[in-house]
Amino acid sequence: MVTPVKGMSTRAAQAERTRQQILETAQRLFTELGYDATSLQMIADEMGLTKAAVYYHFRAKSDILHAAMLPGIRRLEALLDEAAAIRGRRARIEHLVNGFVDFLVQNRHYAVMASTDPAAKRNKLDDESMTLRRRALTLLFGDNPAGAERLSFNAVFFIPECLPDLVDLTDEELREALQATMLRILRVPSRSKE
C-alpha cells in the first residue's frame with residue numbers, strides 16, 4: 001500500500017490509493033482468469049466502482065498490465081546493476097541466479113500468468129525486457145557469447161514458463177529446484193560438490 005507523500009492533498013492521496021487498489025485487483029484477476037478473460041468492467045465490478053472510474057486511472061487494460069509489471073522490471077534492473085558491480089564470473093552468476101529465483105518465488109503466481117498468458121506476453125514492456133535480457137547475457141558471458149552460452153541463457157530465461165508445473169512445491173522447494181537447475185544450466189557447480 002502506498003503511503004501519501006508529505007504535502008499530498010487528501011484527494012490526491014485517495015486517488016493514489018484507488019489506483020493501487022485497481023492494480024492489486026487487476027493482478028489478482030489476471031492471475032486467476034488470464035489477461036484476455038479479464039475485462040475492465042470485471043475489475044470495476046470487483047471493486048464496486050464504475051468502469052469510468054477505472055478509466056480515470058488507466059486509459060486501457062494494457063496500461064494496467066504495464067503498471068503492474070513495471071515494479072518487477074525495475075527490480076530486475078536493480079539486480080543487474082548489483083551484479084555489474086561484482087567481480088568474478090561465478091559470484092556474478094550466483095548473485096543473478098539467487099536474485100532471479102527470489103523474484104520468481106516472491107511473484108510466483110503472477111509470474112505464471114505473465115509467462116503463460118499470450119496477451120501478457122505482448123505487453124508494452126517487450127522493449128524493456130529485451131534490453132534486460134541483452135544486458136543479463138552480457139553480464140553472464142561477455143560481449144561475444146558462444147552459441148552454447150546463448151542457448152543456456154535462453155533456457156534459464158524461459159524457466160518461468162515451467163512454473164505452472166511446479167505449483168505443488170513449497171516456496172523453499174521451488175527456490176532450491178530453481179537455483180540448482182539454473183546453476184546447472186549455466187554450468188556453475190553447486191558449492192557442495194566442489
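Which helix holds both E172 and R175, and how many residues apart are they? Select the pair to find out. Both sit in helix α10 (residues 171–185), 3 residues apart, about one turn of the helix. Keep in mind throughout that this is a predicted model.

**Stop 1: the whole chain**

Start with the cartoon view. The chain has 10 helices and 0 strands. Colour by accessibility next. Of the 194 residues, 39% count as buried. Then turn to contacts between residues at least 6 apart in sequence: 69% of them join residues at least 24 apart.

**Stop 2: helix α10**

Return to E172 and R175 and show their side chains. They meet in a salt bridge, at 3.5 Å from N to O. Are the two partners buried or exposed, or something in between? E172 is partly exposed, because its relative accessibility is 43%. R175 is buried, with a relative accessible area of 18%, and the cut-off for buried is under 20%.

Now pick E173, also in helix α10. Its relative accessibility is 40%, so E173 counts as partly exposed.

**Stop 3: salt bridges within helices**

Side chains of opposite charge can pair when their charged atoms come close. The structure holds 10 salt bridges. Two more of them are worth a look.

Select R74 and E77. They form a salt bridge, and the closest N and O atoms are 3.0 Å apart. Where do the two residues lie relative to each other? They are 3 residues apart in helix α4 (residues 61–84), which means that about one helical turn separates them. E77 is partly exposed, with a relative accessible area of 25%. R74 is partly exposed as well, at 38%.

Move to R90 and E94. Their side chains meet in a salt bridge, 3.0 Å from N to O. These residues are 4 apart in helix α5 (residues 89–106), so they too are separated by about one helical turn. R90 is partly exposed, with a relative accessible area of 23%. E94 has a relative accessibility of 13% and therefore counts as buried.

**Stop 4: α4 against α5**

Show both helices together. How do α4 and α5 run relative to each other, parallel or antiparallel? Their axes come within 9 Å and cross at roughly 165 degrees. α4 and α5 are therefore roughly antiparallel to each other, since angles over 145 degrees count that way. The crossing of α4 past α5 is right-handed.

Which residues make the contact? From α4, select G72, R75, L76, L79, L80, E82 and A83. From α5, select R92, H95, L96, G99, F100 and F103. Colour this set by residue class. The contact of α4 with α5 divides into 7 nonpolar, 3 polar and 3 charged residues.

**Stop 5: α1 against α2**

Go to helix α1 (residues 10–33) and helix α2 (residues 40–47). Their axes come within 10 Å and cross at roughly 120 degrees. α1 passes α2 in a right-handed crossing.

Select the contact residues. On the α1 side are T18, Q21, I22, T25, A26, R28, L29, F30 and L33. On the α2 side are M42, I43, E46 and M47. By class, the contact of α1 with α2 holds 8 nonpolar, 3 polar and 2 charged residues.

**Stop 6: S152**

Finish with a single residue. Select S152, in helix α9 (residues 147–157). Is S152 buried or exposed? S152 counts as buried because its relative accessibility is 11%. What is S152 in contact with, once its neighbours within four places in sequence are set aside? Show F141, I185 and L186: these are its contacts beyond those neighbours.

Note on methods
Residues numbered from 1 in each chain as written. Predicted model: local features only at pLDDT ≥ 70, side-chain atom pairs only at ≥ 80, totals over all residues. Heavy atoms only, no water. Buried < 20%, exposed > 50% of the residue type's maximum accessible area, 1.4 Å probe, protein only. Contact = heavy atoms within 4.5 Å. Salt bridge = Lys/Arg side-chain N within 4 Å of Asp/Glu carboxyl O. Axes fitted to C-alpha atoms, helices over the stretch in contact; angles between N-to-C directions. Parallel < 35°, antiparallel > 145°, perpendicular 65-115°, else oblique. Left-handed = near helix turned anticlockwise from the far one by under 90°. Nonpolar A, V, L, I, M, F, W, Y, C, P; charged D, E, K, R; others polar.
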